[in-house]
Amino acid sequence: MAKRPASPAKASLSTALIHDPYQPPPGFAAPQPGVHKASTVIFRNTAAMRARNWKEKAGYTYGLHGTPTTFTLEERIATLEGGTHTLLLPSGLAAIALVDAALLKSGDEVLLPDNAYGPSKELARHELRDWGIAHRFYDAMDPQSLADAIGPATRLVWLEAPGSVTMEFPDLPALVRIAQSRGVTTALDNTWGAGIAFSAFDLTPAVGPLAVDMSMHALTKYPSGGGDVLMGAVTTRDEALHARLKLTHMHMGWGVGANDAEFVLRSLPTLPIRYEAQDRAARALAEWWSQRPEVTQVLHPATPGSPGHEHWRALCTSAAGLFSIVFDERFSPAQVDAFVDALKLFKIGYSWAGPVSLVVPYDVATMRVVPAWRAPLVRFSVGLEAVSDLIADCEQALRALAR
Ligand SMILES: Cc1ncc(COP(=O)(O)O)c(C=O)c1O
């Protein structure tokens, strides 16, 4: 260990506090990895600085390009997803933007399911359009609609399973096969599956290899699990694709903070059991709603009769804690809002997968090019409260419908 110098002169105290020679002993081990925070990374000498390649994970160049903390989280997300390379971004939406920015240029076209996460559609409608990138929406429940939409300029097909808010589960292997047969790259928004419900890189294990090219995951949801972190990830098994994504990631400066990465690293070990618990509770609640006369349909992929239930059954071993209900048309949007306002345990708020159950009323007619539902729809994100309490909460809130 370096020898402690004699007490510094008062004038040198600031220097001594910055350059103190003490180094803690190596070999510290604890259940959680240490957290490394840096914008600046210090090099041993100029030769080491010049030899370092920011594209490689063999060393460190600058905080934006990786620290032990972000590299560790990237590797764990790659493990979760069944991929080999992962990049972290400051939000799920930023991860979507990375895929678009890295894969598309002026004159290209991107295809999105009409039931995609809304802000992804808005990105296509605004920034991508302004950059000369065209887009088209296809019906994810009709593979022919994707086949018909692919044209000579199509470079990227977005997939989402299930659809946002309306929860239709597509025939994912069929959609991937169509895109692949036409030489078009695929990106899946895998936030719902979370690497648990199905494997994005092994979609048909019984038949043979079939994988999406990229899996985008809003780590904000299940991997964070606390409703207190925003983060996204893009995972692939394709080295060349990863290199392309990494270049754009670097050019755009989309790094993540060490403390946010720390939160996600802390939550990851409990992800499988949280996912399972929230799945179980959501199915119990969805089953309760399916018996209620106020509701005409429960949109939960694991519920028989829900759109694409057969595709969910063929692909998935579990489901996230998310579902929607369609109220009978005799109820006005104001009555449904009154029901939502009357809920006590369910809090009104966007996002999902945290411990607190959430609820949002949606007007599907304003969200889709071709809306399948016109009646008021309410989406529930089931948290970790006791399911009997959640059912009791819904039951008491239903009284507001009658007013
Ligand atoms: C399906 C899906 N994808 C992506 C996102 C975006 O994630 P973030 O909120 O981290 O930007 C969300 C957020 O709600 C989502 O539901």
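Where is Pro-162 found? Pro-162 belongs to the loop between strand S4 (154-160) and helix H7 (172-181); helices (H or I, at least four residues) and strands (E, at least two) are DSSP runs, numbered from the N terminus. The peptide bond from Ala-161 to Pro-162 is cis, with omega near -5 degrees.

Before we go on, a word on the model: it is predicted, so local features need pLDDT of at least 70 and side-chain atom pairs count only at pLDDT 80 or more, while totals for chains, interfaces and linings use all residues. Residues are numbered from 1 along each chain as its sequence is written, and side-chain values use heavy atoms, with hydrogens and water left out.

**Around the ligand**

Let us look at the ligand next. The residues surrounding the ligand include Ser-91, Tyr-117, Glu-160 and Asp-189; to count, a residue needs a heavy atom within 4 Å of the ligand. This shell is made up of five nonpolar, four polar and three charged residues. Here Ala, Val, Leu, Ile, Met, Phe, Trp, Tyr, Cys and Pro count as nonpolar, Asp, Glu, Lys and Arg as charged, and the others, Gly among them, as polar.

| Residue | Protein atom | Distance to a ligand oxygen atom |
|---|---|---|
| Gly-92 | backbone N or O | 2.7 Å |
| Lys-221 | polar side-chain atom | 2.7 Å |
| Trp-352 | side-chain N or O | 3.1 Å |

On its own the ligand has 390 Å² of accessible area, and the protein covers 89% of it (Shrake-Rupley method, 1.4 Å probe).

**A sheet and a loop**

Five strands form an open sheet with mixed pairing, in the order S8-S9-S12-S11-S10; two strands pair if DSSP finds at least two bridges between them. Strand S8 (295-299) and strand S10 (347-348) are at the edges with a single partner strand each, so one side of each has no neighbour in the sheet. S10 runs parallel to strand S11 (residues 358-362), and two bridges join them. Ile-348 has Val-359 as its bridge partner in S11.

Finally, Ala-194 lies in the loop between strand S5 (185-189) and strand S6 (214-218). Although Ala-194 is not a glycine, its phi is positive, near 55 degrees.

Notes: Polar contact = N/O pair within 3.5 Å; in protein donor to acceptor, adjacent residues only side chain to side chain.
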